[in-house]
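I opened the structure to look up a few points in turn. My notes follow in the order I took them.

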Amino acid sequence: MINILLCGNEKVFDGALTQLLSITNRTKETINCYIFTMDISRIKPEYTSITDEQVEFLDKVLKSKKIDNKVTKIDVTNLYENEFYKCKNETAYCTPYTLLRLLADLVPNMPNKILYLDIDMMAHDDISKLYSIDVSGYEYAAVKEKYGSIFIWPDYINAGMLLLNMEKIKETKLLEKARNLIKTKKMLFADQDAIYRSTTKKLLLPRKYNEQSSFKRKDTVICHFCKRLMLLPYPHTENYKQWQIDDIHRELKCYAFEEDLKEYVKLKEQFQSKVEKGEK
């Protein structure tokens with residue numbers, strides 16, 4: 001079984017659907033997916049939990065691939081408010097939902113090994129190749145951040161993919177230390193900085209497990225549709241996500257996930273039709 005952790009509000013539905021399709025289309029392993037969510041509309045009206053209908057649909061899609069697959073919604077609103085209410089990094093560079101992974105040690109009955117993934121990632125190969133990596137002697141495994149490892153620190157990580165050893169994390173109190181940093185020190189990259197600064201021992205993995213640049217490498221396991229530096233027609237940054245299909249075709253010249261995205265379009269239409277008809 002592969003345990004996966006995703007985080008977000010109702011706007012992550014497209015990302016979760018595309019990502020989980022890419023994963024289940026490439027692995028025979030059972031997928032057990034947790035989605036941490038919360039209602040924090042006190043900050044912005046759109047900061048509401050992923051809906052039960054969205055999670056139920058994701059669960060049905062995964063079960064259509066393999067009956068033992070499962071998607072579980074976990075509302076961590078109370079935990080978040082207890083830890084991060086109006087903290088220094090609540091309005092950081094990304095949404096407050098990026099902080100939810102830092103609560104994983106406080107949620108009861110979470111498995112000892114969890115693969116955390118940002119919602120803008122797609123599996124290009126069987127993720128069991130990643131999940132099977134031994135992290136027993138480490139708090140987590142990660143890949144270097146493509147820009148941060150140049151401009152911040154040589155071993156600076158991209159926290160979009162973290163293969164977490166929860167037993168070790170609880171022992172070293174990594175997430176507790178990270179939460180304390182979030183509450184007391186304003187940081188440029190908030191959650192990512194907090195994790196990096198709180199780390200005792202990490203395993204650095206090859207870029208194929210969190211590819212942040214190229215879509216053409218055949219050995220890539222996880223592709224990350226993160227912010228990119230584009231050189232033409234002039235140097236600038238763009239932030240195209242996998243569900244923005246026309247954009248990733250035109251701007252990123254990415255055609256690596258055509259079958260997944262065709263399936264996504266059909267399923268999204270089915271979901272929208274059910275919502276409009278008031279069906280469950």
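I started with Trp153, which sits in the loop between helix 5 (148-151) and strand 7 (157-165). The model is predicted, so I read every value below as computed from that model. Is Trp153 buried or exposed? Trp153 has 53% relative accessibility and is therefore exposed, the cut-off being over 50%. I then looked up which patch it belongs to. Trp153 forms a nonpolar surface patch with Tyr147, Ile150, Phe151, Ile152 and Leu229. Together these residues have about 680 Å² of accessible area.

**Whole chain.** I listed the secondary structure and found ten helices and eleven strands. Along the principal axes, the C-alpha atoms fill a box of roughly 45 × 45 × 35 Å. I noted that 55% of the 280 residues are buried. Of the contacts with a separation of 6 or more, 72% are between residues 24 or more positions apart. The accessible surface is about 13,300 Å², and carbon and sulfur atoms hold 51% of that.

**Helix 2.** I checked the length of helix 2 (residues 52-65) next. Its 14 residues reach 20 Å from first C-alpha to last, close to the 20 Å expected. Which residues of helix 2 are buried? I found Gln54, Val55, Phe57, Leu58, Asp59, Val61 and Leu62. These buried residues pack against helix 1 (13-24), strand 2 (31-37), strand 3 (70-75) and helix 10 (258-277). Leaving out neighbours within four places in sequence, I find Asp59 in contact with Asn69, Lys70 and Val71.

**Salt bridges.** A search of the whole structure gave me 22 salt bridges. Asp14 and Lys268 meet at 2.7 Å, N to O. This pair links Asp14 in helix 1 to Lys268 in helix 10, 254 residues apart. Both partners are buried, with Asp14 at 14% relative accessibility and Lys268 at 18%.

Glu263 and Lys65 form a salt bridge at 2.6 Å, N to O. Here Glu263 in helix 10 is joined to Lys65 in helix 2, and the two are 198 residues apart. Glu263 is partly exposed at 25% relative accessibility, and Lys65 is partly exposed at 32%.

The side chains of Asp105 and Arg179 also meet, at 2.6 Å, N to O. Asp105 is in the loop between helix 3 and strand 4, whereas Arg179 is in helix 7 (residues 174-184), so the bridge ties together parts 74 residues apart in sequence. I logged Asp105 as buried at 19% relative accessible area and Arg179 as buried at 4%. Shared partners join Glu83, Asp105, Arg179 and Lys183 into one network of salt bridges.

**Positive phi.** Last, I looked up backbone angles. Most residues other than glycine have a negative phi. Asn109 is not a glycine, yet has a positive phi of about 65°. I placed Asn109 in the loop between helix 3 (77-84) and strand 4 (113-117), and at 74% relative accessibility Asn109 is exposed. Ala190 also has a positive phi, of about 30°. Ala190 belongs to helix 8 (residues 190-198) and is buried at 1% relative accessibility.

Terms used:
Residues numbered from 1 in each chain as written. Predicted model: local features only at pLDDT ≥ 70, side-chain atom pairs only at ≥ 80, totals over all residues. Heavy atoms only, no water. Helix = DSSP H or I, 4+ residues; strand = E, 2+ residues; numbered from the N terminus. Expected span 1.5 Å × (residues − 1). Buried < 20%, exposed > 50% of the residue type's maximum accessible area, 1.4 Å probe, protein only. Contact = heavy atoms within 4.5 Å. Patch = residues over 30% accessible without salt bridge, like charges linked within 9 Å, V, L, I, M, F, W, Y side chains within 5 Å. Areas by Shrake-Rupley, 256 points an atom, 1.4 Å probe, with all protein chains shown as cover. Salt bridge = Lys/Arg side-chain N within 4 Å of Asp/Glu carboxyl O.
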